[in-house]
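Dear colleague,

Please find the structure below for your files. My notes on what was found in it follow directly after.

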Amino acid sequence: KNIVHMDITKNNNSKSYYEQHMKAKLSERINSTDDLHGMVYCKEPQIEDLMLSNQFLNTFLIPGLRETTIGEFLKLNPKFIQKALSCKSFLYEPAFDWIEGNPDPDEKNINPDLLLERADNKFNICDLKLPKLDKQNLTKGKHKRRRFVDTVQEGIAQLVNYEEYFTFDKNREFAKNKYNVEVEEPELILIVGNYENLNAEEVREASRSLKSNCRIIDYDTLNTLFLNKV
């Protein structure tokens with residue numbers, strides 16, 4: 001994790017003592033950027049982007065975080081996903097009503113995490129799962145039977161369902177009228193896991209059963225993709 005500010009105090013100091021100590025620090029006169037606490041002064045855009053990368057690391061490395069926490073970070077910092085995934089813009093959690101083609105009456109709409117606008121103005125579909133910091137591996141089985149664990153398979157199934165939605169004319173018409181969105185031959189991107197539990201070779205083996213337009217990216221790689229554009 002990237003640490004912006006750290007205080008070390010004795011464990012026998014009272015909560016009120018520590019609170020007074022912090023209030024005093026935060027109310028001190030600022031003479032230089034070295035006196036800032038809990039924030040960083042960025043003199044140029046590149047430094048700001050590096051700090052944004054560090055903030056993203058801190059976000060997805062939080063144990064027990066929710067998928068919506070990651071989504072909200074990306075929503076508040078749109079240039080992160082635009083640079084990392086080379087998209088012009090994106091929609092966060094749009095809702096598309098099922099107009100035709102869905103046999104399940106309980107499924108009223110689809111709600112993809114991100115729709116990513118490509119250079120041709122069409123959109124790719126992206127879903128966010130958790131880094132699963134508590135899991136050692138997100139694949140299972142030996143080489144010939146290598147497959148993803150249920151969490152990853154559920155994410156892939158969701159993406160395929162979203163893709164199917166856009167194969168129906170009335171659904172495409174709804175998407176165009178409500179969001180000005182057109183989806184044609186989309187790339188399906190699932191973001192899940194981290195460097196430690198998504199082994200590249202095992203992912204390749206497990207992906208043999210996936211559709212050719214499915215792509216799986218772990219959060220460390222997503223952050224690296226962003227840094228490569230800084």
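A residue is called buried at under 20% relative accessible area, exposed at over 50% and partly exposed in between, with a 1.4 Å probe and protein chains only. This is a predicted model, in which local features need pLDDT of at least 70 and side-chain atom pairs count only at pLDDT 80 or more, while totals for chains, interfaces and linings use all residues. Residues are numbered from 1 along each chain as its sequence is written, and side-chain values use heavy atoms, with hydrogens and water left out.

K132 sits in the loop between β5 (123–128) and β6 (139–140); helices (H or I, at least four residues) and strands (E, at least two) are DSSP runs, numbered from the N terminus. Although K132 is not a glycine, its phi is positive, near 55°. E185 likewise has a positive phi, of about 45°, without being a glycine. The loop that holds E185 lies between α6 (169–179) and β8 (188–191), and with 78% relative accessibility E185 is exposed.

Helix α2 has 16 residues and spans 23 Å from first to last C-alpha, close to the 22 Å expected at 1.5 Å a residue (the expected span is 1.5 Å times one less than the number of residues). Its buried residues are D49, M51, L52, S53, F56, T59 and F60, and they pack against α3 (67–76), α4 (78–84) and α8 (219–227).

The structure holds twelve aromatic pairs. Rings of Phe, Tyr and Trp (its six-membered ring) pair if their centres lie within 6.5 Å; planes under 30 degrees apart count as stacked, over 60 as edge-to-face and the rest as tilted. F56 and F60 form an edge-to-face pair, because their ring centres are 5.2 Å apart and their planes stand at 65°. These two residues are four apart in α2 (residues 45–60), and therefore about one helical turn separates them. F56 and F60 also belong to one aromatic cluster with F73, F80, Y219 and F226.

I70, in helix α3, is buried at 0% relative accessibility. Beyond its neighbours within four places in sequence, I70 is in contact (heavy atoms within 4.5 Å) with F56, T59, F60, L65, L128, K129, P131 and Y219. One of these, T59, is eleven residues from I70 in sequence and 6.8 Å away, C-alpha to C-alpha.

Yours sincerely
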